[in-house]
Amino acid sequence: MSSLRVRACPHGPLLVRGADAVVDEEGTEHPVTRPVVAVCVCDRSARKPWCDGTHKSVRTSAT
Amino acid sequence: MEIPPPCGPLSTRVVEVMSGRRPSLEVTSGQGSVLNDRDVQLALWLIYELSYRGFDGVDLALEWDPDLVRLRLRLEQAVEHELRTATQARVENALENGGDVGDLLLQMVQDDQGPPLAAYLRRDATLPQLQDFLRERSVQQLKESDPQAFLLPRLRGEAKVALAELQYDEFGAGRPERLHQTLYAQSLVAAWLDPGYGAYVADVSAMSLASTNVMSMFGLNRRLLAAGCGHFAAFEASSAIPSRRIAAGLDRVGLVAAAPYFDEHVEADAVHEQIAARDVCGALVADDPGCLPEVLFGAACVLHIDALSATELMTRWAAESAEAPTEVAS
């Protein structure tokens, strides 16, 4: 991959392109296995560091 | 694939055409829902399949047979009319809310209060019910993303790039063993079901056929391009959280080996919903703001069909358990 590109989605995850791995808070390295990955920023995902869509139910219950 | 058995006058005549005969394909307008009419949906599915992988021994030229194309257009007209009527309020509500197309699409899916099928599959469904669910979805999932591949040559610029990126992932990202269709076939095998393409066409409900047929209708008619993109976005957006629940349900009844397909879709669709809603549909609407209602129409179709399909399954299961209380108790 030539370059790393990160994009923030409104009320959603970071879309990361061109990464080989994402390192979480504990320093564990999670290899990237798809062309684009969604990285959790709401801290609610059950699959961190990856987004699992939980931010949507969080927003629903908050409103 | 062999031609599946017809289930009514219309699908019988389509099968006759495929067998080399020439029955009249005139349709008289029926009463009631065409989405829920299994004969209509099977007839449509048979005609569409000629544009995918076809049937053993059936003349390849029938894909563009004028009589079959005319019948297809006639049935599509009825399906589209029913869908437009059923989704009108949802589309108008979303348009009133206004705002960014990506937000509108994701919000529409999020606000949807459909029947709690995924929650039921996670907590309560029996092993045969989970198998039934896998079987019903198989007709659609074994050709996952194929209908949307027809959208690609009709898009340009950013929307085309985004759809291609998304489909590359759906089609295995360069690794045949990751092809989503193959992952679904593996789930079927793990649940002691037939992984053959089209193996359960003869068994599934009208709604399961309608669900895949609507994708083909959007894919094969360029005038419905924007609806096809909106449909794809809503389809992806309504999949991540249910996939997690379904995977948990499969684990619960011991079908652990059937879960990887759904596990894969938790993470994949969290990505895909963003790309489909914000990049594919976002670029499409930026290019042609007038197509926003069509994008929303396509999205609303997913929610309408999913609700009908979930209701059908849950009603059927409730009736089965009511009929066989002693079996359940033993």
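Trainee: Is Ser145(B) buried or exposed, and what makes it count as such?

Mentor: A residue is buried if 20 or more other C-beta atoms, placed from the backbone, lie within 10 Å of its own, exposed if 12 or fewer do, and partly exposed in between; Ser145(B) has 20 C-beta neighbours inside 10 Å and therefore counts as buried. This is a predicted model, in which local features need pLDDT of at least 70 and side-chain atom pairs count only at pLDDT 80 or more, while totals for chains, interfaces and linings use all residues. Residues are numbered from 1 along each chain as its sequence is written, with chains lettered from A and ligands numbered from 1 in the order in which they are written.

Trainee: What is the phi of Ser145(B), and where is the residue found?

Mentor: Although Ser145(B) is not a glycine, its phi is positive, about 75 degrees, and it is found in the loop between helix H6 (127-141) and helix H7 (146-149) of chain B. Elements are DSSP runs, numbered from the N terminus, with helices being H or I of at least four residues and strands being E of at least two. Trp192(B), also not a glycine, has a positive phi of about 60 degrees and lies in the loop between helix H9 (180-190) and helix H10 (206-220) of chain B. With 11 other C-beta atoms within 10 Å, Trp192(B) is exposed.

Trainee: What does H13(B) give to the side of chain B that touches chain A?

Mentor: The contact takes 17 residues from chain B and 18 residues from chain A, and H13(B) gives the most to the chain B side, with 8 residues. By class, that side has 9 nonpolar, 2 polar and 6 charged residues. H13(B) lies across E2 and E5 of chain A, running at about 105 degrees to E5(A).

Trainee: Which strands stand at the edges of the sheet in chain A, and what makes them edges?

Mentor: The open sheet has 3 strands in the order E1-E2-E5 (chain A), with antiparallel pairing. Strand E1 (5-8) and E5 of chain A each have a single partner strand, so one side of each is left without a neighbour in the sheet. Two strands pair if DSSP finds at least two bridges between them, and E1(A) with strand E2 (residues 14-17) of chain A has 4 bridges in the antiparallel sense. Arg7(A) stands opposite Leu15(A) in E2(A).

Terms used:
Two residues are in contact if their C-beta atoms, placed from the backbone, lie within 7 Å. Ala, Val, Leu, Ile, Met, Phe, Trp, Tyr, Cys and Pro count as nonpolar, Asp, Glu, Lys and Arg as charged, and the others, Gly among them, as polar. Axes are lines fitted to C-alpha atoms, for helices over the stretch in contact, and angles run from 0 to 180 degrees between N-to-C directions.
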